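Hi everyone, thanks for coming.

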Amino acid sequence: MKKLVLRWVALAVFLVLLATLFVRLGEWQLNRLEGTRERNDVVSANQGRPVIDYREVMGGPVAETSQWQRVRLTGTYTGEQYQVRYRNQDGPGIEVAAVFDTTHGDTVLVNRGFIARQIGKPDTEVLPAVPEGDVEVIGFLRRDERGDDTAVVPHDFKVRLINAEAIGTSLGRDVLPGYVNLVESTPSNGDELVPVVPPPASEGNHFSYALQWFSFSVIAVGGIFVLIRADLADRKKARLRAERRASRKVAVDEPVR
C-alpha cells in the first residue's frame, strides 16, 4: 500500500504541474486576446481621424496609440530602397521601404507597398523606381519593428524588419523613429506596388484556445481521481482473485471423508 500511495503522490504532483501549465497557456491566450482587442480599437479610432502632418506624431518613439494614424509628408525620395523580405499579404512576397527626405529636413522611411511573389519564381530583385521630384505621401504611421540584429540590420539593401534606427545606422544618418505605410502618392507610386493594409478587425481564435487550455487543466486534475479510483479498483480485483484462489486451494487440500 505504501508504494501505491507514493505512486499517487507522484502522479498528483505531475498532473497538478501539468494543469498549472495549461492554466498559464490559457491566460496567455486571454492576454493575446486583450492585446488584439486593444489593437483593433486603436486601428478603428485612428483610421477615422483626419490626416495630420507627420511632425505631430513623429520625432520620438511612435506611441502605440498613434499607430495607424494617417499622416502627410512632402519632400523627395533619396533613391535608396530596401527589399523587406518574408512578407505576406494574401500570399508571400516582399515590401519596399524607401528613404524619404521631407521639406522640413527630416528623413523618414516610407513603406511603398507589397509585391507578390510569382508562383514558382523567387522574389523580384528589381525594385520599382521611386517617383522623381517633389512628392506628397499620405500613409499610416507604424512603430519600428523589433528583432535581433539578423532581422533589423540591412545587408545589401535587404532586411527582414523595418527599423528606422538600424537603417539609419547603415546609412550613416539620422532617421526619424517609425515609418509610414504609403496609401496615396502624388505623383503616382506605380502599379507594381500594393499598399499594405491595416490588420482585419478580428479577434482570432484566442478565446476558444483559452477555453481549450482551461478544459485540459480540468481534465488533468480530474485525472488524479480517475487514476486513483482505477488503482483502488484494480487492487480490489486483485484481492478478490487472491481470495478465490485461496478458497479453491483450501477446498482441494481438505481430506475426502
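Predicted model: local features only at pLDDT ≥ 70, side-chain atom pairs only at ≥ 80, totals over all residues.

Okay, here it is: Y77 is buried, because its relative accessible area is 9%, and buried means under 20%.

Now, who sits around that ring? In general, we describe a pair of aromatic rings by how far apart the centres are and by the angle of the planes. In this model the count comes to 6 aromatic pairs. For Y77 and F100, the ring centres are 5.0 Å apart and the planes make an angle of 85°, so we call the pair edge-to-face. Y77 belongs to strand β2 (residues 70-88) and F100 to strand β3 (residues 92-102), so this pair ties together parts that are 23 residues apart in sequence.

Y77 has a charged neighbour as well: R112 lies over the face of the ring, 5.9 Å from its centre.

Elsewhere, ring pairs join F22, W213 and F216 into a cluster.

Which residues make the nonpolar patch of about 340 Å²? They are V5, V9, V13 and L17. Take V5 as an example: you'll find V5 in helix α1 (residues 2-47), and V5 counts as partly exposed because its relative accessibility is 35%.

That's my tour, friends. Happy to take questions!

Key
Residues numbered from 1 in each chain as written. Heavy atoms only, no water. Patch = residues over 30% accessible without salt bridge, like charges linked within 9 Å, V, L, I, M, F, W, Y side chains within 5 Å. Areas by Shrake-Rupley, 256 points an atom, 1.4 Å probe, with all protein chains shown as cover. Salt bridge = Lys/Arg side-chain N within 4 Å of Asp/Glu carboxyl O. Helix = DSSP H or I, 4+ residues; strand = E, 2+ residues; numbered from the N terminus. Buried < 20%, exposed > 50% of the residue type's maximum accessible area, 1.4 Å probe, protein only. Phe/Tyr/Trp six-rings, centres within 6.5 Å; stacked < 30°, edge-to-face > 60°. Lys NZ or Arg CZ within 6 Å of the ring centre and 35° of its normal.
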